[in-house]
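This report describes selected features of one structure, taken in turn. Please keep the sequence and the model in view while reading.

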Amino acid sequence: MQKIIALAEKVLDGQDITREEANFLINVSDDDTMLLLAMADKIRQKFAGDAVDCCAIINGRSGKCSENCKFCAQSAHYHTGVKEYGLLSEDEIFNAAAKAKAAGAVRFSIVTSGRGQSKEDDFENICRTLARIKKELHIEVCASLGILTLEQAKKLKEVGVTRYHSNLETAGSHFPDVCTTHTYKDKFVTIRNAQAAGLRVCSGGIFGLGETREQRVEMAFTLKELGIDSVPLNLLTPIPGTPYENNKPLAPLEILRAYAVFRFILPKAQIRTAGGREVNLRDLQALALNGGASGIMIGGYLTTAGRGTDRDMQMLKDLGRPRST
């Protein structure tokens, strides 16, 4: 207990914890987890404030992805029965953004399956749609379009995109076990291209891919080294037909410990509880926001449903936490 408090005070004093100290924290017992969450929340209060950032996404192009990420329902390497379609129309995406704003989202992202944007028409349509959403709905727009060139990143910046999303997915030491059709370095190139174009980068990963606790810490320190200040943390929902369909779900307290340790390592970042929270955290979802998280993804995800946004808004109200505006 004393060591948890001492490490929290170290962060509150503006110092960084070491990887060894983070490994200690992520391995504390269930009995000490509530103290860990409380200390992480003190760090969140000081460096990230009380407002909860709510974002929403749309699966703008689904399925037939050339990449073999073992967790993904949209990979063409697996037979998952996922719905496949080309890029949605401008009106379909715009209407989804309008609905997301009405539900409480302050930012909206178009996400597309595939390695990148090899079809020029698709990329131009995405840019036009994002520009319209920003102009007419006055909501922050983001994009998650796979591997990105510097020229594409500059174009996104021109049309008003503020953040580009590119998850690391897991630790570098574990990534080759998760995907072999692109590399960790490919992720770094995309992140650096986005940053060079003046875009903020949103990058996190998925817990439950067979990684160790120490590898979760490893990913957090990589994000810190890359200067990432927006971190979505997803939880694996095993999809039948993927290699990870039989992965054992993580215990809620294990997940919450990881969230808390990310706050210790990245005290000023926007740390978001995202895909899979309803299935994996269940009745403990609110503890993520009382354990260091400062944002949530609302509505549905790429191939799985979320819960009603009214329930999320009630959760924020019950916690006494305002939404970002």
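## A pair of strands

Val 231 stands opposite Ile 271 in strand 8. Strand 8 covers residues 270–273, and strand 7 covers residues 230–235. The two strands run parallel and are joined by four bridges; strands are said to pair if DSSP finds at least two bridges between them. Strands here are DSSP runs of E with at least two residues, helices are runs of H or I with at least four, and both are numbered from the N terminus.

Within strand 8, Gln 270 and Arg 272 point one way, while Ile 271 and Thr 273 point the other way. All of these residues are buried, a term that means under 20% relative accessible area, whereas exposed means over 50% and partly exposed lies in between (1.4 Å probe, protein chains only).

## Basis of the description

The model is predicted: local features need pLDDT of at least 70, side-chain atom pairs count only at pLDDT 80 or more, and totals for chains, interfaces and linings use all residues. Residues are numbered from 1 along each chain as its sequence is written, and side-chain values use heavy atoms, with hydrogens and water left out.

## Two packed helices

Two packed helices are described by the angle between their axes and the distance between the axes. For helix 9 (residues 213–225) and helix 10 (residues 252–265), the angle is about 30° and the axes are 10 Å apart. Helix 9 is therefore roughly parallel to helix 10, since angles under 35 degrees count as roughly parallel, over 145 as roughly antiparallel, 65 to 115 as roughly perpendicular and the rest as oblique.

Which residues of helix 9 meet helix 10? Among them are Val 217, Met 219, Phe 221 and Leu 223, and the residues they meet in helix 10 include Ala 258, Val 261 and Phe 262; contact means heavy atoms within 4.5 Å.

## Positive phi in two loops

Most residues other than glycine have a negative phi. Lys 64, in the loop between strand 1 (53–61) and helix 4 (90–103), has a positive phi near 55°. Lys 64 counts as exposed because its relative accessibility is 64%.

Glu 169 also has a positive phi, about 80°, and is found in the loop between strand 4 (163–165) and helix 7 (175–178). With a relative accessible area of 10%, Glu 169 is buried.

Notes
Axes fitted to C-alpha atoms, helices over the stretch in contact; angles between N-to-C directions.
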